Amino acid sequence: MDIKRGQLSDYFDGVGVKRLSAVDAEPKTSNQHEIGVTKDMREQFLGETKTVFPATYIWLGGDQDGFTADGTATYYDARENQYHRAAEWRLYYPPNPVTETMSAGDTLFLAKQKDGTLYFIVAAAGSTSESQLEWLFGLAPNDGRFVSREVMTDGGEELDFGARFILDELGIEFEEPEADKLDTIIERFGLIFPKTVIFSDLARQTLPAINAAEDPDFALMAWLDHEEAMFRRLERRIVGERLHEGFAGEDGADVDGFLKFSLGVQNRRKSRMGHSLENHLEAVFRATALPYQRGAVTEHGHRPDFLFPNLAAYSAAAIPSNSVMMLGAKSSCKDRWRQVLSEAEKIPRKHLLTLEPGISKQQTDQMESMSLQLVIPEQIHGSYASDQKSWLWSLAAFIDAVRSNLAAPANIS
C-alpha cells in the first residue's frame, strides 16, 4: 500500500542554528536573557513585527536525557525608538529550567512551527541529539551568528523513518496525510489494541510485494513504516474516544486518571516499537533462511535478542568463540547500547541493530573501541557522517557475515 508521507514544511516555516556564546547562554555573564537574530531570519520566518511567541523550550543532553518547559519568547526591535540607528532585532527568553541548564558551546536550534510556536531546542555540543537535528534541518553552526533557512513548501522530500523518529523525540505529533487509507485494514480491531505480534503479521500480509530475501534492509523498513502508520491511526481513534469520554471523578476532574492514561500512551509506543522491530527482524531471517534462535537464555540469565545459529551451538562453543554470532535489537540506542556488551559472553564481538539516525561520532567511536559493531538499515545511513558510513553495517551485510561465518570449515559438523 503506497501512502504519501508528510514533509518538514508541514511542521516548520523556518529554522536557525548557532553555537551559543557566553553572552547568549549565561545571564551572569551578559546580565540579560536575549539572543540576537539575523536579517535572513527576519526575512525567512520571523518577520519584522514585535511578537510574543508561544514557545516550547527543549534541553537534550549528551545521552539524550531531555526535558521541556513551556513558556513564551518575545521578539522585538531593541532600537525601535532610536530612529537614527538601524534596527536590531532580538529574542528575549524568560528564565526556565532549559535556559538555566544551557551553557556556552551548546547548540541552539530556533525553529518556528506552522502554528506560530517557537521551538527553542538546545543540544549539548558533540551529542547525538545535535547530530540528529543538524541532519533533520540540514543546518550546522559555523560561527557565532545564526545560520538559517526557510523550510520550503514545494518540492521538499517526504519525511523518512529517521526524520519522523527525531520529530517523535521532540514530542511533535504527526500523522500521515493519507492515513485514512489504513482504515479498512485496522477497522477489524475496533477500539482495542491487538498484540504486537498480530499487528506485525498484519503489516507484512498487507505488503505482499515486499521480498525480504532480495532486499532485507528495504523489507525491514517498509514493514516498520507500515506498522507504525497503522498503529498511529488506531491509536488516534482510541485516544480520541477516551478523551471524548472525559476524565471526571466524584470530586471534579480526575487528574490522576488523566496522567495515568497519558503515561500509558507513551509507554505503549516505546515498548511496541521494540517488539515490532524484533518481530520483523525474525521475519527477515526466516525469509533469508538464516538459522537463528530468538530470546535464548545465556550466562547469568541474559537474553540476547538473536543467536546464530542457535543456543545449542553457543553452549558447545569454546571461550572465546568465532563460530557463533549474536545480534541485539534496540529501536533507539541512547546509552542502552552498553547493555548488549554483557550478553553472550563467549562472543567477543557483539552486533547491535538500531533504528536511531545520526548517532554522534563520539558514541560510535566508543562502540568500536568496545568491540560493538553497529548495524543500521541502509535507508538510515544517510543521517550519519561520511567517515561513519564506511564503518556501519547494513542488515544485508550482517546477514552475509552470518552466512559466511556458519559456512566456514570449522563450523561444519
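This is a predicted model: local features need pLDDT of at least 70, side-chain atom pairs count only at pLDDT 80 or more; totals for chains, interfaces and linings use all residues.
**Exercise 1. How many bridges join strand β3 to strand β4, and do the two run parallel or antiparallel?**

Residues are numbered from 1 along each chain as its sequence is written, and side-chain values use heavy atoms, with hydrogens and water left out.

Solution. 
- Step 1: find the strands. β3 covers residues 51–60 and β4 residues 66–77; helices (H or I, at least four residues) and strands (E, at least two) are DSSP runs, numbered from the N terminus.
- Step 2: check the pairing rule, which asks DSSP for at least two bridges between two strands.
- Step 3: β3 and β4 run antiparallel and are joined by 10 bridges.

**Exercise 2. Work out the strand order of the eight-stranded sheet, and say which strands stand at the edges.**

Solution. 
- Step 1: walk across the sheet. The order is β2-β5-β4-β3-β7-β6-β1-β8, in an open sheet with mixed pairing.
- Step 2: look at the ends. β2 (34–36) and β8 (147–150) each have a single partner strand, so one side of each is left without a neighbour in the sheet.
- Step 3: place the helices. Helix α3 (residues 39–46) lies across strands including β1 and β8, running at about 25° to β8. Helix α5 (residues 128–137) lies across β1, β3, β6, β7 and β8, at about 40° to β6. Axes are lines fitted to C-alpha atoms, for helices over the stretch in contact (heavy atoms within 4.5 Å), and angles run from 0 to 180 degrees between N-to-C directions.

**Exercise 3. Now take the five-stranded sheet: trace its pairings and decide how well β13 is covered.**

Solution. 
- Step 1: get the order. This open sheet, with mixed pairing, reads β11-β12-β13-β14-β15. Its edges are β11 (293–294) and β15 (372–375), each with a single partner strand, so one side of each is left without a neighbour in the sheet.
- Step 2: go pair by pair. β11 and β12 run antiparallel over two bridges, and Gln293 has Leu307 as its bridge partner in β12. Three bridges join β12 (residues 306–308) to β13, again antiparallel, with Leu307 bridged to Met326 in β13. β13 and β14 (residues 350–354) are parallel, over three bridges; there Gly328 meets Leu352 of β14.
- Step 3: check burial. In β13 (residues 325–330), six of its six residues are buried (under 20% relative accessible area; exposed is over 50%, partly exposed in between; 1.4 Å probe, protein chains only).

**Exercise 4. Is Thr364 buried or exposed, and which residues does it contact?**

Solution. 
- Step 1: locate Thr364, which is in helix α12 (residues 361–369).
- Step 2: apply the cut-off. Thr364 has a relative accessible area of 3%, so it is buried.
- Step 3: list the contacts. Leaving aside neighbours within four places in sequence, Thr364 touches Ile359, Leu374, Gln388 and Trp391.
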